Amino acid sequence: MTSEKPRRERRNRDGDRGPDDGMEERVVKISRVAKVVKGGRHLSFSAMVVVGDSKGKVGVGLGKADAVPDAVKKGGYYARKNMVNVPLSKTTITHEIKVKYCGAEVMLRPAAPGTGVIAGGSVRAVVELAGIKDILTKATHSTNPINLVKATFKALSMLKDPEAEKARRQIVINAGVGIDSNEVSSKVSAS
């Protein structure tokens, strides 16, 4: 009689590549950071990573580690935890917005179909991975890629869907109309 040992499951050889969730990952900036310690310099790396599905979901993350691949992996992990839904109007954004983050200021403006993405490298990465095909952008003041990415991400997270905003405002208007007309007339006559 042969005793059969239970077979171990084969480990994933491509475990370093990250989860296969349909998200595209783009590294915007890799920085080498040197810290002076007693024994000399300690080198580490930071990586700004943008993750998106090109259908309205985008996230950004800043990973730090002693090796570049680990920093990129951490950045992708943080970006996936920090995702937002961007309201799109066909191939562009719903309205114009101007946002300041630290020293960087970014203006995003909707564009006509066929315009394309008019943006610099850092802003372009966030906008393209969000699924925006037509947009006009302008980055002013600081050109630090990390702050530009965070400013663009903040702007996209502040965008509002016109239909949802209209419904929200209608609820506020209807709540204000519910005031009794006798109360209004007494307040007017008293003043």
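**Close-up views of a predicted model**

**View 1. Gly131 at the end of α2.** Directly after α2 comes Gly131, which has a positive phi near 95°. Helices (H or I, at least four residues) and strands (E, at least two) are DSSP runs, numbered from the N terminus. The model is predicted: local features need pLDDT of at least 70 and side-chain atom pairs count only at pLDDT 80 or more, while totals for chains, interfaces and linings use all residues. Residues are numbered from 1 along each chain as its sequence is written, and side-chain values use heavy atoms, with hydrogens and water left out.

**View 2. The enclosed helix α2.** Because seven of its ten residues are buried, α2 is largely enclosed by the rest of the structure. Buried means under 20% relative accessible area, exposed over 50% and partly exposed in between (1.4 Å probe, protein chains only). The buried positions of α2 are Ser122, Val123, Ala125, Val126, Val127, Leu129 and Ala130. In the chain of 191 residues, 32% are buried.

**View 3. The largest nonpolar core.** A nonpolar core is a set of buried Ala, Val, Leu, Ile, Met, Phe, Trp, Tyr and Cys residues joined through side-chain atoms within 4.5 Å. The largest has 29 residues, of which Val58, Leu108, Ile132 and Leu156 touch the most other members. At least two residues of this core come from each of β2 (40–52), β3 (57–65), β7 (97–101), β8 (104–110), α2 (121–130) and α3 (145–158). The largest share, seven residues, is supplied by α3. Another core, of seven residues, lies apart from it and includes Ala47, Val51, Ala65 and Val72.

**View 4. Surroundings of Val58.** Contact means heavy atoms within 4.5 Å. Leaving aside residues up to four places away in sequence, Val58 touches Val50, Val51, Gly52, Asn82, Met83, Val84, Val86, Val126, Leu129, Ala130, Phe153 and Leu156.

View 5. An open sheet of four strands has the order β7-β8-β10-β9, with mixed pairing. Two strands pair if DSSP finds at least two bridges between them. At the edges stand β7 and β9 (117–118), each with a single partner strand, so one side of each is left without a neighbour in the sheet. Strands β8 and β10 (residues 135–141) run antiparallel and are joined by seven bridges; Arg109 stands opposite Leu136 in β10. Helix α3 lies across β7, β8 and β10 and runs at about 135° to β7. Axes are lines fitted to C-alpha atoms, for helices over the stretch in contact, and angles run from 0 to 180 degrees between N-to-C directions.
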